[in-house]
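Here is a short briefing for a reader meeting this structure for the first time. Keep the sequence and the 3D view open while reading.

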Amino acid sequence: MLERLNQAMEHIEARLDEPIDAADLARIAMTSEYHLRRLFSALAGIPLSEYIRRRRLTVAGAEVLAGERTLLDVAVRYGYGSGEAFARAFRAMHGVGPGEARRTGAALHSQPRMSFRLVVEGNSSMRYRIVAKEEFRVVGRKARVPLVHEGANPAIGEFIRGIGRETLGRMAALSDQEPAGVVGVSDQLDPSRAEGTELDYYHGVVTTREAPDDMEVLVVPAGTWAVFENSGPFPQALQYLWRDVYTQWFPSNPYRSRPGPEILSVNLSEDGTRADADLWIPVEADSA
């Protein structure tokens, strides 16, 4: 998988002055565009589209300083429809406009070329199982919240605190299949997984039962899930688990992510500092 991903990176480098289609990159990587975007974001720490933008502006910056082309020619070459649009993007990355950079020889920022390799540390292993599930429903309460990569998510915490014990008790009574009990469900994540992008968060149960009138329903189609087990400090260990799934497990196993909600089942210690958790990720076999 990483070798194919690096071939896609070479494709980007060869076409920085041409339109780059993520679907073409996915074909080179021999995976789905959805999985490519998620995997790249997890490995690189930035969205694929942002990386391409930064690489273009890095190369464009060198041409601005070289002075061999007009600023408009440089703008058009790297996909900007006007000098004004190019100047705004250039200033956002480099902190200075292209005209001033050319006149003063200003120092510019650079986005290095990326390539990926697998580092085998050997000090831990990931416990997982593959589960096939028929169509099911998530029943509970729903909120639109921002994505937070590290530390507690204040929006989710405030949302859960506002649900109330009586409602949580009624939710728990509806649970009739695994993952059992009240779970957290993340749906409609932005493909980039960039910090601050929004997602639908459900606090509810997995069930086949009818939903009360005061609860939301998310219907989840039948499919295959990779279930990862984790124990450790809360919430850091869980956030690291998400990272490790995309940066270590997927590149090393014959599966890729598919569209669908991600489900987290957590059992907290009495003092709330540690947790045992199961993370359910929708997957499909990588036919490549």
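The model holds 12 aromatic pairs. One of them joins F40 and Y51, with 5.6 Å from centre to centre and 50° between the planes, which makes the pair tilted. This pair links distant parts of the chain: F40 sits in helix α3 (residues 33-44), Y51 in helix α4 (residues 48-66), and 11 residues separate them. Bear in mind that the model is predicted.

**Aromatic residues**

- F40 has 0% relative accessibility, so F40 counts as buried.
- Y51 has 1% relative accessibility, so Y51 counts as buried too. The cut-off for buried is under 20% relative accessible area.
- Y128, F228, Y246, W249, F250 and Y255 come together in one aromatic cluster.

**Charges over rings**

- K133 lies over the face of F136, at 5.1 Å from the ring centre.
- R258 takes up such a place over W225: it lies over the face of the ring, at 5.3 Å from the centre.

**Strand pairing around β2**

- Strand β2 covers residues 136-146, and strand β5 covers residues 216-220. The two run antiparallel and are joined by 5 bridges.
- In this pairing, V138 has L218 of β5 as its bridge partner.
- β2 also pairs with strand β4 (residues 198-207). These strands run antiparallel as well, with 10 bridges between them.
- Here the bridge partner of V139 is V205 in β4.
- F136, whose ring has K133 over its face, belongs to the residue range of β2.

**Helix α10**

- Helix α10 spans residues 236-252, which is 17 residues.
- From its first C-alpha to its last, α10 reaches 23 Å. That is close to the 24 Å expected at 1.5 Å a residue.
- α10 has a kink of about 40°, centred on V245.
- Most of α10 is covered, with 12 of its 17 residues buried.
- Among the buried residues are A237, L238, Q239, L241 and W242.
- An α-helix has 3.6 residues a turn, so residues three or four places apart point the same way.

Key. Residues are numbered from 1 along each chain as its sequence is written. This is a predicted model: local features need pLDDT of at least 70, side-chain atom pairs count only at pLDDT 80 or more; totals for chains, interfaces and linings use all residues. Side-chain values use heavy atoms; hydrogens and water are left out. Two strands pair if DSSP finds at least two bridges between them. Helices (H or I, at least four residues) and strands (E, at least two) are DSSP runs, numbered from the N terminus. Rings of Phe, Tyr and Trp (its six-membered ring) pair if their centres lie within 6.5 Å; planes under 30 degrees apart count as stacked, over 60 as edge-to-face and the rest as tilted. Buried means under 20% relative accessible area, exposed over 50%, partly exposed in between (1.4 Å probe, protein chains only). A charge sits over a ring if NZ of Lys or CZ of Arg is within 6 Å of the ring centre and within 35 degrees of the ring normal. The expected span of a helix is 1.5 Å times one less than its number of residues. The bend at a residue is the angle between axes fitted to the seven residues ending there and the seven starting there.
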